[in-house]
Amino acid sequence: MSPPNDTFEITEATRLLLYQSMLRCRALEKKAYDLFMEGLVQGTTHLGLGQEAVAAGFAATLRPDDMSFATYRGHNHMLLRGMAMAPILGECAARANGCCEGKGGSMHITEVAKGAMGSYAIVGAHLPIAVGAAWAGVVRGTGQVSLCFFGDGTTNIGTFHEAVNLAAIWKLPVVFVCENNLYMEYTPISAVIPVEYPAADRASAYGLERIIVDGNDADAVYQTAVTTVERARRGEGPSLVEALTYRHKGHSRADPGKYRPDEEVAAWLERDPLLVYRGRLESLGFPPTVLDEMEQLARAEAEAAADEVRAAPLPDPAALMTDVWANGGSEWRN
Amino acid sequence: MAELTYRNAIARGIGQEMERDERVVFIGEDIGAAGGVFKTTVGLFERFGPDRVRDTPISEQAIIGGIMGAAMNGLRPIGELMFSDFVGVAWDGIANQIAKTRYMTAGQVALPLVIRTANGGGTHFGGQHSQSVENWHMMIPGLKVVAPATPRDVVGLMAAAVRDDDPVIFLDHKKLYALKEDVPDGEIVDVLGKAVIRHPGSDVTIVALAAMVHVALEAAGRLAEHGVSAEVIDLRTLVPLDTATFLESVSRTGRLFTVEENPRLCGWGAEIASIAAEECLWDLDGPIVRITTPHIPLPAAANLEDLAIPSAERVVQTVLSQA
Ligand SMILES: Cc1ncc(C[n+]2csc(CCOP(=O)(O)OP(=O)(O)O)c2C)c(N)n1
Ligand SMILES: [Mg+2]
């Protein structure tokens with residue numbers, strides 16, 4: 001593993017932001033789980049519980065006009081771009097108050113105006129899209145960076161290779177972030193790759209640096225994020241980061257995750273990114289009462305959002321036939 | 001007014017729009033200095049430079065995903081797929097991502113982009129470089145589908161496609177590249193969803209698209225010798241679909257024929273036939289008849305391919321047999 005880049009100090013304010021970000025992700029997704037247990041979330045949900053440090057570390061480095069692209073397991077990334085919790089949970093429950101008015105569903109959390117450029121549910125689809133968005137930023141001279149989050153399993157699909165290659169030859173401002181949570185759905189990633197690290201061990205094929213970071217350590221992720229995002233912004237091209245992490249729950253709501261050895265789960269739960277960070281903050285002298293209060297606030301925010309969802313109406317039936325076309329409608333004949 | 005080939009009309013149409021709007025960019029394989037494998041994009045690279053006219057690697061998924069992302073972030077890109085058969089390689093991007101994202105985000109995402117590709121047969125390239133895939137796209141909600149039949153329409157419909165705020169599949173036809181006609185100078189801009197009557201007639205209505213328009217026109221000329229007056233309608237776009245023009249024509253002629261290059265099942269003519277059956281059945285004096293490529297892959301051998309794709313002679317014989 002590459003040592004964290006410790007050439008710069010992380011400020012107190014940043015540390016509090018990272019912790020608060022992770023607390024809010026955790027509270028949001030626990031609430032998504034609760035709403036599912038209440039029967040309010042139809043369809044499916046894919047939680048990133050346990051992977052919050054990756055989202056927190058990267059989001060803390062971004063400019064408002066930067067663009068984040070994520071997968072169905074993308075609630076945390078979209079939240080930390082500045083989305084409110086209610087439109088996220090509302091979309092999970094496919095209510096009228098959802099960010100896509102209930103027409104996207106839990107796998108498609110999006111708020112373009114905030115740089116939350118979407119959550120994509122066909123594995124690999126968003127990698128070339130993130131590349132194209134970055135290219136448009138270059139053509140328009142905006143200085144935007146495109147962030148693209150995906151799983152370990154995604155490194156085996158063609159779009160990964162096409163997208164990383166194109167970003168590399170065109171030197172585009174993209175940071176590809178592979179969240180290696182060791183499983184692609186139910187299959188261990190080690191069973192389906194001929195190398196040890198699914199993203200990092202492929203980086204050299206595209207002339208990129210091999211970057212592996214402890215994805216459960218928000219400080220380490222943050223330092224890697226600063227380095228790679230700034231490199232992109234300076235016009236020095238893309239990076240491919242592999243963040244080692246673990247999901248606490250199954251792949252999706254229907255999956256109890258029984259294929260994972262108990263000892264493996266227990267070991268990773270001990271390395272829960274929130275526990276790790278709370279310990280660090282306390283050892284640095286942050287008062288536990290302040291940290292407790294932050295946690296309460298995050299929970300209260302999620303509870304209030306859940307209440308909004310419980311009270312929200314179903315989508316208006318008129319929404320069925322809107323927004324196929326730019327004129328707002330769905331007519332196909334003249 | 002000057003003579004223009006269908007081939008050169010492609011570069012003229014793209015150039016007209018790139019000149020007008022700097023957000024219009026163009027990417028694809030060998031489209032830059034090489035001018036395209038069919039020489040349809042000659043001169044654009046020299047005119048607009050490598051920032052706006054870009055060669056890509058052989059990465060159809062990256063071309064399609066790339067133009068989607070570029071459209072999400074303020075450009076109005078045109079992406080070329082060398083042969084329309086290659087949409088299969090990038091089908092997720094086209095059918096799942098580009099077509100659906102506006103709807104699935106409740107209108108947040110606008111995708112003003114054009115996918116331009118060389119469609120159709122008659123050039124003996126075999127079954128993976130000759131298909132007419134207009135019907136593949138027609139059946140996906142969220143895609144507009146354009147297939148010009150003349151050099152003038154290539155320019156005007158390209159302008160309409162680029163200026164449209166929705167994703168457009170622009171299918172130029174390989175067999176037509178050498179076709180010439182006099183085309184007015186200056187800007188040409190059409191609207192999507194407007195069919196034209198290419199040849200007026202009073203006995204039968206023949207609806208066609210792209211290369212089949214010329215087959216239908218040749219057939220109409222021969223039918224006249226047999227005393228049958230055929231009206232030939234060029235649909236020009238499948239989505240939006242101009243239903244009014246062919247319904248009005250059928251109400252006058254009482255007979256409807258389609259000439260389709262796509263294989264039989266679920267070809268675009270099936271939709272035309274179903275609309276006519278629902279909306280003007282009582283105007284019809286006989287069955288609606290579809291003239292299509294049989295439901296087979298296209299063979300390479302010239303004599304076999306010529307048998308497969310509708311010919312003027314087949315149209316004439318079919319119409320006469322129904323008269
Ligand atoms: C093209 C495609 N194939 C298969 C699936 C089904 N599927 C959904 S998620 C998933 C596993 C993806 O694993 P990974 O990339 O590691 O992401 P993670 O779920 O672990 O975050 C699969 C196979 C899909 N959605 N798209
Ligand atoms: Mg995984």
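Two strands are treated as paired if DSSP finds at least two bridges between them. Helices (H or I, at least four residues) and strands (E, at least two) are DSSP runs, numbered from the N terminus. The model is predicted: local features need pLDDT of at least 70, side-chain atom pairs count only at pLDDT 80 or more, and totals for chains, interfaces and linings use all residues. Residues are numbered from 1 along each chain as its sequence is written, chains are lettered from A and ligands numbered from 1 in the order in which they are written, and side-chain values use heavy atoms, with hydrogens and water left out.

**Figure 1. The open sheet of chain A.** Strand S1 (residues 67-71) of chain A pairs with S2(A) in the parallel sense over 3 bridges. Within this pair, Ser68(A) has Ala116(A) in S2(A) as its bridge partner. The open sheet holds 6 strands in the order S2-S1-S3-S4-S8-S7 (chain A), with parallel pairing. Strand S2 (116-120) and strand S7 (211-214) of chain A form the edges; each has a single partner strand, so one side of each is left without a neighbour in the sheet. From one strand to the next, the twist averages 20 degrees. Helix H2 (residues 52-59) of chain A packs on the sheet and touches strand S3 (146-151), strand S4 (174-180) and strand S8 (239-244) of chain A. The direction of H2(A) makes about 165 degrees with that of S4(A). Contact means heavy atoms within 4.5 Å; axes are lines fitted to C-alpha atoms, for helices over the stretch in contact, and angles run from 0 to 180 degrees between N-to-C directions.

**Figure 2. The magnesium site of chain A.** The magnesium ion (ligand 2) is coordinated at 2.1 to 2.2 Å by Asp152(A) through OD, Asn181(A) through OD1 and Tyr183(A) through O. Donors are N, O and S atoms within 2.8 Å of the metal (3.2 Å for Na, K and Ca); water is not among the atoms, so sites may look incomplete. Along the chain, the donors follow the spacing D-x28-N-x1-Y. Asp152(A) lies in the loop between S3 and helix H6 (158-169) of chain A, and Asn181(A) in the loop between S4 and strand S5 (183-184) of chain A, so the pair ties together parts that are 29 residues apart in sequence. Both Asp152(A) and Asn181(A) are buried. Buried means under 20% relative accessible area, exposed over 50%, and partly exposed in between (1.4 Å probe, protein chains only). Asp214(A), found in strand S7 of chain A, is also buried, with a relative accessible area of 19%. Asp214(A) and Tyr183(A) are 31 residues apart in sequence and 16 Å apart in space, C-alpha to C-alpha.

**Figure 3. Helix H4 of chain A.** In helix H4 (residues 85-92) of chain A, 8 of the 8 residues are buried, so this helix is largely enclosed by the rest of the structure. Among the buried residues of H4(A) are Met85(A), Ile88(A), Leu89(A), Glu91(A) and Cys92(A). Their cover includes helix H1 (12-37), helix H3 (75-79) and helix H11 (288-311) of chain A. Just after H4(A), Ala94(A) takes a positive phi of about 55 degrees.

Figure 4. Cys178(A) counts as buried at 0% relative accessibility, whereas Cys266(B) counts as exposed at 57%.

**Figure 5. Strand S4 of chain B and its partners.** In strand S4 (residues 76-83) of chain B, 8 of the 8 residues are buried, so the strand is largely enclosed by the rest of the structure. S4(B) pairs with strand S2 (residues 24-28) of chain B in the parallel sense over 4 bridges, and the bridge partner of Val25(B) in S4(B) is Pro77(B). S4(B) also runs parallel to strand S5 (residues 114-119) of chain B, joined by 5 bridges; there, Glu80(B) has Arg116(B) in S5(B) as its bridge partner.

**Figure 6. The interface between chains A and B.** In this view, 42 residues of chain A are in contact with 47 residues of chain B. About 3700 Å² is buried between the two chains, and carbon and sulfur atoms give 62% of that area. Buried area is the accessible area (1.4 Å probe) that two parts lose on being put together, summed over both. In chain A, Trp135(A), Glu162(A) and Trp325(A) lose the most area to chain B, together 18% of what that side buries. Glu271(B), in helix H10 (residues 268-279) of chain B, touches Trp332(A) and Met138(B), not counting residues up to four places away in sequence. Glu271(B) is partly exposed, with a relative accessible area of 34%.
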